[in-house]
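This report describes selected features of a predicted model. The sequence and structure are shown below.

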Amino acid sequence: MANLGDYLLVSGLLFTIGFAGVMLRRNIIIIFMSLELMLNAANLSLVAFSRYRVGTDGFPNYNAQVFVFFIITVAAAEVAVGLAIIVALYRARQTTHVEDISSLKF
Amino acid sequence: MILLFIVFCPLLAAMLILAGAPARKTALWASGLTLLATIVAFVELEGDGFSFVTSLPISAEWRLNFTLGLDGLSLVMVLLTAIVTLAAVWFTGKISRHEHAFYACLLLIAAGAMGAFASLDLFFFYAFHELALIPTFLLIGIWGSGNRSAAAWKITIYLATGSFILLLGLIMLYRSVPEAARSFDLRLLQNAADTGQIPADAQRHIYLLLLLGFGILISLFPFHTWAPQAYASAPAPAAMLHAGVLKKFGLYGLLRIALPMLPEGTRHWAWLLIILLLGNIIYVGLVTIAQKRLDWMLGYSSVMHMGYIFLGIASGNILGTNGAAILIFAHGLSIALLFAIAGEVRERTGSLLLQDLGGLAKVMPMAGLAFGLGAFASIGLPGFANFSAEVMVFFGAFHNGADMKGFHIYQVATLLALWGVVISAVYMLRAYRATFMGSMPEQWATLSDLRARLRLPIGMLIAALLWIGFFPQTFVRVLTPAFRTYFSVK
Amino acid sequence: MSSLLPWSVLLLPLISAAGIVLITRRWPAISAFVSVGSAVIGFACSCAIFVSPPAATAEFTWIDLRPLLYVPLGLILDDLSKMMLLLVTGVGALIHIYSLGYMRDDAGKSRYFASLSLFMFSMLGIVLANNFVMMFIFWELVGLSSYLLIGHWFERDSAAEAAKKAFLTNRIGDFGFMLGILMIWASTGSVLFQEVASQMGRITAHPGYLSVAALLIFCGAVGKSAQFPLHVWLPDAMEGPTPISALIHAATMVAAGVYMLVRVAFLVQASPQALTVIAWIGTITAVMAGLIATQQNDIKRILAYSTLSQLGYMVMAVGLASGEAAMFHLFTHAFFKALLFLGAGAIIVMLHHEQNIWKMGGLARKLRVTFFTFLIGTLALIGCPPFSGFFSKDAILALAFEKNTAIFALALFTAFLTAFYMLRLVLVVFFGKPRSENAEHGKEAPFVMTGPLLVLAVPAFLAGFGFFARTFLHVPHAEGAGHLVPILATGAMLVGVALAVLLYRKRESDPIDFAIFRRRFYLDEFYAWLIGITQELLAKIAAFFDRWIIDAGGVGGASGATWGVGSLLRFLQVGNLQAYAFLFGLGIVGLIYFTVFG
């Protein structure tokens with residue numbers, strides 16, 4: 001049986017992969033996807049905590065699972081707005097390379 | 001009611017001018033009516049406490065009201081503002097571009113000053129002064145001469161820094177009073193201070209901040225270097241308003257807030273104030289002697305004379321503070337006159353370098369007479385208000401701690417300040433001789449004198465100076481009740 | 001009604017001055033009439049006051065901040081001030097009339113008469129003031145009037161400089177004066193002469209303080225009465241029109257210092273140290289000025305230095321604790337010095353503004369009335385009996401003989417010098433052959449100028465006689481002095497006259513040449529140097545410090561530092577989105593660390 005630690009390990013690995021993607025990838029869409037990956041890693045660890053931490057009355061703490069729903073909703077909204085910005089950016093700059101967008105450089 | 005008129009008439013006029021009303025006429029009428037109202041207020045002033053108090057509640061939770069009121073001290077300041085504003089507007093010559101904006105700026109400065117002096121509420125006291133900063137920036141930056149943009153930036157940023165330090169001090173003051181008595185109303189704050197509710201420790205810190213903040217606004221040594229450059233580059237009416245009126249805001253603040261509410265702070269930092277004011281008088285006096293241009297000399301001289309007013313404030317008795325208040329009035333008028341004439345000379349000769357000028361009294365007799373009167377007034381010739389005030393300042397300062405065993409700090413300070421009288425005579429007479437007397441270079445033979453209408457504002461300024469010079473008791477009578485209350489508490 | 005009379009004497013000249021400036025400026029003849037009229041009426045009123053003095057006069061409040069400071073504007077009418085009132089208004093009126101002739105063709109006639117009226121107002125204020133501050137007010141106003149009148153011909157650089165010098169030197173004296181007043185007020189609590197006099201007990205317990213205060217008050221007199229070391233303005237003041245030299249710089253303004261010292265005699269005489277200093281300064285001035293006068297070639301300068309010398313005598317008398325002797329000499333000196341100056345003025349004008357005595361000569365025959373009156377004035381000045389100067393100088397010499405032999409010797413030497421240089425003047429100007437075109441064609445001055453000369457000659461002759469001295473000036477009749485002093489004085493005078501005749505009879509140019517006297521002991525150069533290394537140098541250093549250290553260093557430094565920090569921080573804006581995200585992440589980690597573990 002998998003226990004809490006395993007789930008957290010997976011969650012951590014997912015988070016790291018996502019973070020690495022945000023830092024190291026050049027395509028802005030890929031960065032965005034990595035960002036989603038980070039969010040879902042957080043979701044996973046929340047659900048794991050909810051499932052494995054049983055309260056004194058015998059029931060698991062459902063607050064974490066409710067929080068997951070919030071995160072999913074917010075992520076969806078963020079994706080909608082973010083992708084719209086990316087499309088507008090592509091139309092303005094004709095590139096998805098994040099290194100090419102540096103007008104505010106000193 | 002009358003106070004609302006006095007404060008909002010210039011403001012209203014400024015907005016009307018910006019909206020398109022005839023600029024010069026509106027400005028003249030507005031300042032004239034304001035002066036009339038001020039004189040009426042002077043006659044109707046009640047002896048004790050604040051008169052004409054009008055109060056509009058803004059926020060009950062913060063205990064913030066828009067309150068206006070006049071006592072002897074603020075009346076003197078308001079009278080000064082009204083007279084100098086009228087003179088400044090009158091002396092404005094032809095403005096080649098954005099004439100409406102120019103007059104509007106002048107009136108906004110006047111409105112800011114009036115509001116600040118008439119405010120009984122700490123918040124609006126500060127806010128009205130800030131109102132006057134931006135028009136100053138615009139006046140110097142757009143219509144100035146010489147290195148005007150540098151001068152405009154310098155004065156604005158420097159004074160904004162001073163205002164910021166002042167704000168810190170005022171906030172600390174507000175918060176130092178215990179919760180129950182806390183208010184923005186100056187009268188309530190004064191009550192709290194009188195009943196000893198402001199802790200001594202806090203008083204020392206707040207006083208230092210206020211001294212620094214107000215000091216920068218007043219060009220206290222060593223925070224004075226913004227003044228000469230700004231006044232040299234400013235158009236004459238702006239210099240008149242700033243040196244004559246706006247600079248006095250800081251002094252008024254010291255007399256209204258710092259001195260009465262923070263006696264422990266005043267006592268603790270007296271030595272610092274004395275050293276700095278002597279720097280103003282002696283050091284800046286010497287710098288003034290070395291100046292080679294008339295406008296720079298006038299700018300530095302206005303810095304120097306602040307030292308006397310500081311001496312009156314530092315003297316710690318009713319004689320000195322009376323002198324300080326009257327000297328504020330006197331100096332404002334005399335420096336306005338001097339800057340006005342200097343501006344007229346610059347318009348005609350293009351240069352105020354003293355070695356280029358000379359003998360101008362021959363072709364400009366009215367200017368020569370007016371400048372001469374202003375010069376002698378400012379160096380403290382009896383008959384003018386400056387002397388009456390300086391007498392009170394010197395006597396008041398000398399009195400502090402005087403005994404027959406020798407000279408202590410206040411007596412030495414008075415001695416050095418008295419020497420300033422010689423220094424000011426040196427530079428002022430030299431400048432007058434170099435500009436208006438002696439042999440005249442060929443090129444100035446065709447200059448025209450001041451336009452005849454200017455006789456009226458000049459006459460007004462001189463008349464006010466002579467009136468208080470001959471009858472200083474007029475002001476002493478209204479000022480004493482304003483000061484007596486907190487001096488009797490001490 | 002009669003209590004307003006003194007006030008009208010004081011205010012009439014002020015009204016005249018204001019009227020001229022505001023109304024009659026464009027009509028010089030009317031301005032002159034107004035001014036002269038006010039002077040004559042003033043004299044008439046002074047006579048009335050002298051004959052029947054009012055019991056009390058109205059007093060007005062100038063500043064009332066009791067119990068700290070109370071300054072009234074009130075008038076004092078004792079024997080001293082009534083006498084002085086007559087003197088000032090009398091000589092003043094005569095000079096007003098004389099000016100009608102002297103300034104007839106002057107372009108600035110209105111301005112001249114306005115300033116002259118202002119001067120009368122100020123001087124009368126000094127005479128009538130009943131407290132220190134009021135006297136100081138009029139003291140400075142007299143300085144202003146002097147500035148305006150010396151600088152009357154302001155287009156001349158020399159006149160402008162002289163006016164400035166006069167005012168500044170007086171200001172230095174006023175600095176000391178005000179400080180002295182402050183000290184007196186601080187210890188007695190009042191500025192009124194009578195109250196201070198009654199409170200003297202408080203200060204006499206502190207002799208050091210008292211001496212300093214007395215000497216500081218004396219400073220004012222040093223400036224106003226042109227004593228050493230503040231004497232340098234008086235000779236330069238000759239740049240002004242000659243009637244002014246007569247009125248201000250001979251008879252009245254410079255006498256104000258002596259008058260003030262006599263007015264506060266209760267203070268000055270309470271301190272022996274102060275008296276000694278005062279006496280010696282008077283003596284030094286008298287001798288020094290006398291020496292300088294022997295080598296001057298401008299007729300007005302000679303008279304100016306002579307005035308300095310005689311003022312030295314008066315101050316010496318004050319220092320020898322006799323205000324009466326000082327006032328006596330002030331009184332007689334006013335008449336004969338005014339006479340001499342007006343006579344010089346007549347000569348100058350009739351010789352088309354020639355002032356060098358070596359370009360005159362032989363005028364005794366051409367300007368008879370002027371010569372006659374000038375001679376009377378000279379005889380009075382050198383102390384020839386029975387002219388007025390003899391008696392007044394004798395009073396001072398007798399005092400010196402009694403009290404201080406060294407001072408007596410120097411005073412006697414000065415008497416010798418006075419006779420010497422005055423006779424030199426008379427011989428060179430009036431005798432011998434005319435030495436220039438102007439002198440050739442000189443003729444007598446019009447009556448409006450010679451009239452006052454004749455009027456003045458009378459008191460120059462008579463004013464010394466015992467009747468006047470004892471009745472009006474309370475000069476003690478020195479019975480025991482014997483005849484030694486008058487004999488010595490007359491002897492010194494005769495030696496001076498003889499030496500002058502010997503050296504200067506029938507000369508074309510000056511046979512002796514002492515550069516140190518001619519160059520006025522190089523004091524002007526010394527002062528210029530002194531001011532150069534103190535005030536000017538300090539001013540330059542201060543200006544440099546202000547411009548480069550406070551402004552460029554302090555303020556410029558602050559703004560420069562802000563710029564510098566800003567230009568460093570901008571390198572954080574790398575323009576790379578991922579770098580920003582990384583820093584963002586670091587920040588969050590740091591925040592978590594500090595909130596949880598901090």
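## A strand pair in chain C

Two strands are said to pair if DSSP finds at least two bridges between them. In this predicted model, strand β1 (residues 60–65) of chain C pairs with β2(C) in the antiparallel sense, over 5 bridges. The two strands, β1(C) and β2(C), form a hairpin with 3 residues between them. Within the pairing, Ile63(C) stands opposite Val71(C) of β2(C).

Strand β2 (residues 69–73) of chain C is largely enclosed by the rest of the structure, because 5 of its 5 residues are buried. In a regular strand the side chains alternate between the two faces of the sheet. Both faces of β2(C) are covered: Leu69(C), Val71(C) and Leu73(C) are buried on one side, and Tyr70(C) and Pro72(C) are buried on the other.

## The interface of chains B and C

In the contact between the two chains, 61 residues of chain B meet 54 residues of chain C. About 5200 Å² is buried between chain B and chain C, and carbon and sulfur atoms give 75% of this area. Phe395(B), Met404(B) and Arg433(B) supply 15% of the area that chain B buries against chain C, more than any other three residues.

## Polar links and composition

Across this interface the rule finds 4 salt bridges. In a salt bridge between Arg430(B) and Glu536(C), the N to O distance is 2.7 Å. Between chain B and chain C, 19 residue pairs are in polar contact.

Several helices of chain B give two or more residues to the side that touches chain C, among them α6 (148–176) and α13 (270–289). The largest share, 14 residues, comes from α18(B). This side of chain B comprises 39 nonpolar, 16 polar and 6 charged residues.

How values were computed:
Residues numbered from 1 in each chain as written. Chains lettered and ligands numbered in written order. Predicted model: local features only at pLDDT ≥ 70, side-chain atom pairs only at ≥ 80, totals over all residues. Heavy atoms only, no water. Contact = heavy atoms within 4.5 Å. Buried area = accessible area lost by both parts, 1.4 Å probe. Salt bridge = Lys/Arg side-chain N within 4 Å of Asp/Glu carboxyl O. Polar contact = N/O pair within 3.5 Å; in protein donor to acceptor, adjacent residues only side chain to side chain. Helix = DSSP H or I, 4+ residues; strand = E, 2+ residues; numbered from the N terminus. Nonpolar A, V, L, I, M, F, W, Y, C, P; charged D, E, K, R; others polar. Buried < 20%, exposed > 50% of the residue type's maximum accessible area, 1.4 Å probe, protein only.
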